[in-house]
Amino acid sequence: MPLFKTTGFVLKTKSWGEGDKLATFFTREKGKIFCLVRGARKPKSHWGGALEPMTLLDLMIYEKGGRHTLTQCQIIKSFKVLRQSSVPGSTALFLTELVDKLTAEEDPNPELFNQLELALSAMENGFPPLSVSLSFTLKFLNLLGFWPLMDVCASCGKRIEGGMNTFNPKSGGLICPDCKSSLSGNITIGERTLNRIKILLDSQFQEVRDQAEDLELNELLLSFLRSQLGMETSKVKIFLQKMEKE
Ligand SMILES: [Zn+2]
């Protein structure tokens with residue numbers, strides 16, 4: 001089946017060859033794929049604005065020998081308003097960056113695809129970007145099996161009881177009092193933040209509103225992404241600085 005149809009988000013593009021682009025799409029049916037878009041850098045390219053990051057597209061793709069070439073596409077949702085708004089736009093870009101960096105090639109995950117569409121739509125409709133982004137990041141890590149178990153010590157496996165609220169990013173989770181003294185880089189998490197994690201994991205994006213503990217949770221997630229997954233999180237930092245100024 002050399003020609004197939006799918007639905008996908010543009011995660012990013014880069015220049016390729018003389019006048020082409022190589023696009024990274026996150027598709028419902030095939031997960032993340034790389035796809036050549038011929039003529040995309042030509043001045044009068046007929047692809048227009050279809051290749052802007054976050055755009056949701058109907059795609060027709062030609063596949064041969066593991067290589068993909070875009071033959072046709074149609075915009076389903078451009079997310080243009082979202083992309084052009086300062087704080088929600090950079091937060092939304094961070095979500096596509098997460099999907100780009102931490103999903104494997106051709107590993108479909110329809111539930112993740114749905115969650116990304118719901119999160120971007122919520123942000124475009126004016127729901128608070130920080131809490132939507134935190135909720136998406138937690139669901140994302142959970143769906144991919146990256147998010148740590150919160151009920152046993154990430155270092156020794158001992159059961160975590162109430163009041164044990166030390167997080168160690170390097171171990172990748174909560175740790176018990178015995179391990180606390182021998183590990184460095186510990187972060188103490190407030191009880192409210194621990195509860196907030198459960199709420200954000202279980203809530204729809206339209207239900208969440210920013211809470212004071214979200215800044216603490218954001219720091220925690222940043223440390224986790226950095227030390228466990230090697231994720232450079234510059235965009236979220238920029239986002240946080242903007243939040244503080246407003
Ligand atoms: Zn322990």
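**Note on the predicted model**

1. The protein chain comprises 8 helices and 8 strands. Its radius of gyration is 20 Å, close to the 18 Å that the globule rule gives for 246 residues, so the chain is as compact as a globular protein of that length.

2. As to overall dimensions, the C-alpha trace of the protein chain spans about 60 × 40 × 30 Å along its principal axes. Of the 246 residues in the chain, 34% are buried. When contacts between residues at least 6 apart in sequence are considered, 54% of them join residues at least 24 apart.

3. The chain is divided into two parts: domain 1 covers 3-77, and domain 2 consists of 81-151 + 161-245. The centres of domain 1 and domain 2, taken over C-alpha atoms, are separated by 28 Å. To the contact, domain 1 gives 15 residues and domain 2 gives 18 residues.

4. Which strands supply the side of domain 1 that touches domain 2, with at least two residues each? They include β1 (3-16), β2 (20-27) and β3 (31-37). By class, the residues on this side of domain 1 are 7 nonpolar, 2 polar and 6 charged.

5. Attention may now turn to the helices. Helix α2 (residues 86-102) packs with α3 at an angle of about 170 degrees, and their axes are 10 Å apart. An angle over 145 degrees counts as roughly antiparallel, and α2 is therefore roughly antiparallel to α3. From α2 the contact involves P88, T91, A92, L95 and V99, while α3 contributes L116, A119, L120 and M123. This contact of α2 with α3 has 8 nonpolar residues, 1 polar residue and no charged residues.

6. On the α3 side, E111, L112, Q115, A119, A122 and M123 take part, and they meet P129, V132, F136, K139, F140 and L143 of α4. The residues in this contact of α3 with α4 comprise 9 nonpolar, 1 polar and 2 charged.

7. Two residues of α3 deserve a separate remark. A119 and M123 are among the α3 residues that contact α2, and A119 and M123 are also among those that meet α4.

Terms used
Residues numbered from 1 in each chain as written. Predicted model: local features only at pLDDT ≥ 70, side-chain atom pairs only at ≥ 80, totals over all residues. Contact = placed C-beta atoms within 7 Å. Helix = DSSP H or I, 4+ residues; strand = E, 2+ residues; numbered from the N terminus. Nonpolar A, V, L, I, M, F, W, Y, C, P; charged D, E, K, R; others polar. Rg over C-alpha atoms; globule rule 2.2 N^0.38 Å. Buried ≥ 20, exposed ≤ 12 C-beta atoms within 10 Å, placed from the backbone. Domains from an automatic or database assignment. Axes fitted to C-alpha atoms, helices over the stretch in contact; angles between N-to-C directions. Parallel < 35°, antiparallel > 145°, perpendicular 65-115°, else oblique.
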